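Trainee: Could you take me through this one? I'd like to start with what counts as a contact.

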Amino acid sequence: MSTHEKQEDKVLIFDTTLRDGEQAAGATMTIDQKVEVAHQLDRLGVDIIEAGFPISSPGELAAVQRIAKEVRRPIIAALSHANKNAVDAAWESLKGAARPRIHIFLSTSEIHMYHQLHKDRETILGMACEAVARARTYVSDVEFSPMDATRSDPEYLYRLLEAVIDSGAGTLNIPDTVGYTSPEEFYKLIRGIFDNVRNISKARISVHCHNDLGMAVANSLAAVRAGARQVECTINGIGERAGNASLEEVVMALKTRADTYGVGTAVDTTQLTRASRLVSEHTGFAVQPNKAIVGKNAFRHASGIHQDGMLKERTTYEIMDPITVGLSGSSLVLGKLSGRHAFQRRLVELGYPLEGDVLAKAFERFKEVAEKKKEVSDLDLLALMADQRRAVADAYSLESVHVVCGTDTTPSATVRLAGPDGKSRESRATGTGPVDAAYKAIDKVVGVDATLDEFTIQSITEGIDAIGDVMVRVVSEGMTYVGRGSATDIIVASAKAYVNALNRLIANKDTQQASQGAKVGP
Ligand code: KIV
Ligand code: ZN
């Protein structure tokens, strides 16, 4: 092992939710949403936030600029092609950052070099060095990624890595771009880099694994065992195609199996659940119930034997304490008799320190839910907070919806919405079902041209009185807008979600937010 490697007992967490994660088909976020996620990543304690790919669109550049200005503790990285314009755009976006990093990537596999870039090895090596050197004229912190590294010729890779270190790269990120490698193979590759790159002691090795074969986390952990000290990952594992290594899984594996890995991270794991929910909310990507760490079932015990064991001793069937990932361990149950003080205290515990009018409004909504549900869980409260945040930002808001439906009647709906001017507008429509009728009635009021592309509903908790969480995607002029809504009544939740999506569409049209536009991904 090199000296550099021996000294480090910490793995840096490089979060790329806002870049690779947002690159996933249909995961587009607005600038405000990206900034909100960046603040949560800051609270989570990640070391580096990759905020975007500035050359890809003006909106992307603006998002990185805002994050760089507002989020001061972590390093803010911007992705760049290995060319002058892209490096300059990355720097333009990072000028205001407290700790800027330019991250340059260029393919090094034969497949990519010859079929995609139509360039030979020497040209690629020259381009990589030139781009790194240019980035170094702007910032002292430069990362280089040989794209498709796991399908590259290792001997060529070593030579190229040596050259980019000489040109000033301090972090060498080894991407498994297409999710092709396996833990054993990746371990060997990382060891090979330590053993064969002459000047490796001057750089930190990072890894960036995709999940096409479901091995992104396992591969990342194998790399850590081999000496990598930065892992690139995303919240909920979102990302291009099958996604990236999931941050919460990597972090909790390192924490729970410290006996195997012997290295920790600086992540405040109690913020994981909140980060997961926020990203799911803003991208519209639901988290699968059985998802490790943050799935709804991750800490639920269904079978009798397991429940019996849990009642006797938690560790019989739990390898992690749910409190460590941000699920409350409090025994205080909120319900319709709970007072404002208890409600406020629980919100603070969940990371929502509300006061004044906002607290009063939230308490009012909590009481409405508590009237319908016997117990209001933390998950219900998080849904309530998300719903309130949407309502505050919305131009149109749902005042009421009434539906008539059944076996022998044509479904119809009457909706009343408050418009941007605060005035109420009412409309009625019929449809193939109650949701369809409600959406048609909403269309009549809002008057924008949009097509419903996806509709999903899931319950936040179990039971007949559970809060329903609806996610819709609507498409208008080739762009997709996600909307969410939650309520104990699924028709109300559905109407809220649709209005939320239309509000986003309207906001985008109004401000012409270029971040919603087509981007040129890496
Ligand atoms: O998967 C990949 O290779 C990437 C690079 C840009 C690091 O995302
Ligand atoms: Zn990637």
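Mentor: A polar contact is a pair of N or O atoms within 3.5 Å; within protein, one must be able to donate a hydrogen and the other to accept it, and residues adjacent in sequence count only if both atoms are side-chain atoms. This is a predicted model, where local features need pLDDT of at least 70, side-chain atom pairs count only at pLDDT 80 or more, and totals for chains, interfaces and linings use all residues. Residues are numbered from 1 along each chain as its sequence is written, ligands are numbered from 1 in the order written, and side-chain values use heavy atoms, without hydrogens and water.

Trainee: How many residue pairs are in polar contact between domain 1 and domain 3?

Mentor: Zero, with both residues at pLDDT 80 or more. The bounds, 12-283 for domain 1 and 328-391 for domain 3, come from an automatic or database domain assignment.

Trainee: What area is buried between domain 1 and domain 3?

Mentor: About 570 Å², with 43% from carbon and sulfur atoms; this is the accessible area (1.4 Å probe) that two parts lose on being put together, summed over both. Arg274, Arg277 and Glu281 supply 78% of what domain 1 buries there, more than any other three residues.

Trainee: Switching to the zinc ion (ligand 2), which protein donors does it have?

Mentor: Asp20 (OD), His208 (NE2) and His210 (NE2), 2.0 to 2.1 Å away. Donors are N, O and S atoms within 2.8 Å of the metal (3.2 Å for Na, K and Ca); water is not among the atoms, so sites may look incomplete.

Trainee: What spacing do the donors follow along the chain?

Mentor: D-x187-H-x1-H.
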